[in-house]
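Hi,

Here is the structure I promised to hand over. Have a look first, and my notes follow below.

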Amino acid sequence: MQVVPDPTTVHFHLPNNLSVRVHKEYDKFIEELTSYFPHEKEGILKFYGECWKIFNALNSLELKSLEEPLYLFGQFFRRPLECLTLAYYLPQNAGAIARKYIQDPQLLSFIDAECFIVSTVNALQTPMINAAMVLCDRHFGGINYPLGGVGGIAKSLAKGLVDQGSEIVYKANVTSIIIEQGKAVGVRLSNGREFFAKTIISNATRWDTFGKLLKGVPLPKEEENFQKVYVKAPSFLSIHMGVKAEVLPPDTDCHHFVLESNWSKLEEPYGSIFLSIPTVLDSSLAPEGRHILHIFTTSSMEDWEGLSRVEYEAKKQLVADEITSRLENKLFPGLRSSIDFMEVGTPKTHRRYLARDEGTYGPMPRRIPKGLLGMPFNTTGIDGLYCVGDSCFPGQGVIAVAFSGVMCAHRVAADIGLEKKSPVLDSMLLRLLGWLRTMA
Ligand SMILES: NC(=O)c1ccc[n+]([C@@H]2O[C@H](COP(=O)([O-])OP(=O)(O)OC[C@H]3O[C@@H](n4cnc5c(N)ncnc54)[C@H](O)[C@@H]3O)[C@@H](O)[C@H]2O)c1
Ligand SMILES: CC(C)=CCC/C(C)=C/C=C/C(C)=C/C=C/C(C)=C/C=C/C=C(C)/C=C/C=C(C)/C=C/C=C(\C)CCC=C(C)C
């Protein structure tokens, strides 16, 4: 795809007028951050330096299924130091590592905000491997925006599948996974149509897969453990806005994260605001003289239930008005009067269009997790059924979900005989991984 590099991954607008841009160039970012915290320069370099150690280890491996022993042992043999580095960090979280080097509470809150974007939780609850992946990749390859809009990524993946001989059935609502003699053998759609296959892969969340699509099957022990360690993260309230271009100051960045005055609101519903302005990088997305603002903030389903149609619409307008005022005060004076178009989506919208239980963004650790140790991979307690996506290892986010897809494809390929496999080693590794997860 044709892409345009984004020079600033995100522009943070934080309490006490802390305004930090994450430049693609690592040194420029470190320089900007240390200008606010000169007394913590060494700690900053050490924390982000530890992230680079993990990122470089990840980058040196051929990433395939960690549930496939021949591959995993092969990687340990080829890159023992890097694999041991990753194994060492697997049960660790970013906040604990940041605290080894950094004392300034405001800087630690900044690291919380960095992690919140990655995981919707603070640094103490964010796995170090995930933090390292995101905090370094943005400087390594940088963020490259697909011309024509991000929908192009899905279209191009779909084209790739079709070109390889696949058929994609759109508007196909799977209501159940068909089980015969304990094995997943097919899916049934809401219109009654049935499809049968050797392998069933669910990209729905594990809550939807095991709570809704599998009927009359007791919850496997593995899933019970998963639900003990992880809860559903809240959903989002999204506003799509079309505005007159003059309202944006020159050189406005594409991505912003806004938390105006109180660090304690970081994780609260409606506390922090995410904002993307894709037309900064690709003006063809909007009519001439206009910009698109995609504004979103965390919001829970319980806030939107039990309302009449009129109350629901009024509440959407109220929340959108409050968020518009906050952005007007912080970033764009005159924003309200420059709005040409506005559409508001709530957790109900997410639930309806993405079929995610309570519109959840994904899994969130119930307490302080043991890093990534408790995250299930792709195989499940049901023969023939695999899960993929953000409620599988390593969690939410495009990079994480793409990796989950690669892992799943590799494990399935081994199971259907397209890749080498060793049934003895398989069962030993799966048992070992299951045991490790119980330690989380
Ligand atoms: N929201 C954001 O702004 C944002 C930003 C960056 C990254 N991300 C990440 O993007 C990732 C998106 O991952 P994804 O695309 O794999 O997940 P997704 O949940 O966004 O999409 C899953 C798709 O499956 C479909 N589906 C669900 N249940 C179905 C059923 N029963 N029958 C038929 N279809 C069904 C949904 O309609 C949806 O199209 C998430 O992990 C998220 O963390 C999101
Ligand atoms: C298996 C055993 C016992 C030992 C093996 C040791 C070993 C070899 C381990 C290997 C581990 C590996 C390979 C881990 C790989 C981890 C990866 C690839 C992690 C990737 C994580 C990526 C993440 C978490 C990305 C998150 C991005 C997100 C959520 C982005 C969100 C963006 C938004 C919400 C929008 C932000 C918008 C604005 C406007 C700011």
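**Around the ligand**

Ligand 1 is surrounded by 15 residues, the closest being Val174, Ala204, Ala355, Asp390 and Gln396 (a residue is near a molecule if its C-beta atom, placed from the backbone, lies within 6 Å of it). Bear in mind that this is a predicted model: local features need pLDDT of at least 70, side-chain atom pairs count only at pLDDT 80 or more, and totals for chains, interfaces and linings use all residues. Residues are numbered from 1 along each chain as its sequence is written, while chains are lettered from A and ligands numbered from 1 in the order in which they are written.

The shell around ligand 1 splits into seven nonpolar, six polar and two charged residues (Ala, Val, Leu, Ile, Met, Phe, Trp, Tyr, Cys and Pro count as nonpolar, Asp, Glu, Lys and Arg as charged, and the others, Gly among them, as polar). Domain 2 (169–231 + 360–439) and domain 3 (235–357) both contribute residues to that shell, so ligand 1 lies between them; the domain bounds come from an automatic or database assignment.

β5, β6 and β7 form an open antiparallel sheet, in the order β5-β6-β7. Strands here are DSSP runs of E, at least two residues, numbered from the N terminus, and two of them pair if DSSP finds at least two bridges between them. The edges are β5 (174–180) and β7 (194–196), each pairing on one side only. β5 is joined to β6 (residues 183–189) by six bridges, and glutamate 180 has lysine 183 in β6 as its bridge partner.

Cheers

Key. Helices (H or I, at least four residues) and strands (E, at least two) are DSSP runs, numbered from the N terminus.
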